[in-house]
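Trainee: Could we go through this structure together, one question at a time?
Mentor: Gladly, let's have a look.

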Amino acid sequence: MQILDKEQLRKNLDEVIWNIERARISVSEHHIVKLVTVAKYTAIENIHTLYELGQRAFGENQVQQLKERMLTLKELPLEWHMIGTLQKNKINNLIDLHPSLMQSLDSIDLAAELNKKLEAKAQTMHCLLQVNSANEKTKSGFLAQHAIDAYQQIKESCPHIALKGIMSIGAHSEDKKVIQKSFETAYHIYDALKKEGATVCSMGMSGDYELAIECGSNLVRVGSALFKSQ
Ligand SMILES: *Cc1c(COP(=O)(O)O)cnc(C)c1O
């Protein structure tokens, strides 16, 4: 993995922050958006440099990699997010890491198992329900028509899981309208779940974060746009 110099990372980060700024202000001055840097592709040195530039929230999609990086950088005041599919045999490892937010709660089965293991360790975890809003076979998560029921069911039956909202990945398409529709579907679910206490609508990646913000996202997960080398 390539180590980028500070000026390159500064340029990339500035560009992403300005794009976020423009998109969020087009919604409202009061629409606040959080940037989570998806570090999975990048060298740990780049995470350290981004920290020096002011970035604090980082995401990983594998428990093992999350663990290594959290341990190596444990002196820094960083916030870590789990954004990838969680295998059941990794649940205990994840709990012991105390992630700030686990964004990829993608089945009732996983919720039940996670809740059981959290109970055994007398802990709670902040989670987002992953919604497969584009209804794609290749993606995990709850289908749009099941998401609200599933959210309520987990809230009632899993007291060690603190649900904070939803996470969705935009439709895999070249057609902006199709991607937009998937974000709108996810946003409607989030909106309906506000009365259940949902406050986080996580959607938008390097290719579509501005569109996601315009559709109501308040947390974007950006990776490759921050780690380009020119
Ligand atoms: C990799 C990943 C991202 C970031 O992807 P980029 O397109 O590189 O910004 C965001 N969310 C999830 C769930 C990912 O796995």
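Trainee: How far is a nitrogen atom of the ligand from an N or O atom in the side chain of R221?
Mentor: Before the value, note that this is a predicted model, where local features need pLDDT of at least 70, side-chain atom pairs count only at pLDDT 80 or more, and totals for chains, interfaces and linings use all residues. Residues are numbered from 1 along each chain as its sequence is written, and side-chain values use heavy atoms, with hydrogens and water left out. A polar contact here is a pair of N or O atoms within 3.5 Å; within protein, one must be able to donate a hydrogen and the other to accept it, and residues adjacent in sequence count only if both atoms are side-chain atoms. Between the ligand nitrogen and the R221 side chain, the distance is 2.8 Å.

Trainee: How are α5 and α6 oriented to each other?
Mentor: Helices are DSSP runs (H or I, at least four residues), numbered from the N terminus. Axes are lines fitted to C-alpha atoms over the stretch in contact, and angles run from 0 to 180 degrees between N-to-C directions. The axes of α5 (residues 108-120) and α6 (residues 144-157) come within 11 Å and cross at roughly 15°. Angles under 35 degrees count as roughly parallel, so α5 and α6 are roughly parallel.

Trainee: Which residues in α5 meet α6?
Mentor: Contact means heavy atoms within 4.5 Å. On the α6 side, the partners are A150, Q153, I154 and S157. On the α5 side, they are I108, A111 and N115.

Trainee: At what angle do α6 and α7 pack?
Mentor: Helix α7 covers residues 176-193, and its axis is 10 Å apart from that of α6. The contact is made by A144, A147, I148 and Y151 of α6 and T185, I189, A192 and L193 of α7. The angle between α6 and α7 is about 20°.

Trainee: What is the handedness of the crossing of α1 and α2?
Mentor: Helix α1 (residues 6-27) and helix α2 (residues 44-52) pack at about 65°, with axes 10 Å apart. A crossing is left-handed if the near helix is turned anticlockwise from the far one by less than a right angle, and right-handed if clockwise. For α1 and α2, the crossing is right-handed.

Conventions
Helices (H or I, at least four residues) and strands (E, at least two) are DSSP runs, numbered from the N terminus. Angles under 35 degrees count as roughly parallel, over 145 as roughly antiparallel, 65 to 115 as roughly perpendicular and the rest as oblique.
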